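I opened this model to look up two things.

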Amino acid sequence: MGDLMAVVIEWEFLRLVEEQRQALRLTIEELAARVDLSPRQYQNYLSGKMQPLFGTAMRLAAAVDIDLNALQKLLVPDLNGYYLKPSKAEKEKLRLALRK
């Protein structure tokens, strides 16, 4: 169950980075340059071929003005102590919270 939650968090984080990148009208090349990545490496993150290291995730979040602390909202266990995939409503709340 923990691996699934990690994948959900990674996917949600990268989806939000990409959404924010587009809102800021940054090209993939511009974002990659801001965080010292190659455009191909960033595209590999988006496709799920690679996952960013923590430091890279922090730089990506800072580059597009996302609050990483808001990701903790995905880590709320249910009554049985399981970490489940968030609902669409919870994802929308998270998406709004991650924007400063």
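My entries below go from the core to one helix and then to the charged pairs.

I am working with a predicted model, where local features need pLDDT of at least 70, side-chain atom pairs count only at pLDDT 80 or more, and totals for chains, interfaces and linings use all residues. Residues are numbered from 1 along each chain as its sequence is written, and side-chain values use heavy atoms, without hydrogens and water.

**Core.** I looked up the largest nonpolar core and found 19 residues. The term covers buried Ala, Val, Leu, Ile, Met, Phe, Trp, Tyr and Cys joined through side-chain atoms within 4.5 Å. Buried is under 20% relative accessible area, exposed over 50%, partly exposed in between (1.4 Å probe, protein chains only). Phe13, Val17 and Leu31 are among the residues with the most contacts inside the core. I then checked Val17: beyond its neighbours within four places in sequence, Val17 contacts Leu31, Tyr42, Leu60, Val64 and Ile66 (heavy atoms within 4.5 Å).

**Helix α3.** Helices are DSSP runs of H or I, at least four residues, numbered from the N terminus. Tyr42, Asn44 and Tyr45 are buried in α3. Their directions from the helix axis to the C-beta atoms fall within an arc of 155°, so these residues line one face of the helix.

**Salt bridges.** I count 3, taking a Lys or Arg side-chain nitrogen within 4 Å of an Asp or Glu carboxyl oxygen. Glu12, Arg15 and Glu19 form a network. The closest N and O atoms are 2.7 Å apart for Glu12 and Arg15, and 3.1 Å for Glu19 and Arg15. Glu18 pairs with Arg21 at 2.4 Å; both are buried.

Key:
Helix = DSSP H or I, 4+ residues; strand = E, 2+ residues; numbered from the N terminus.
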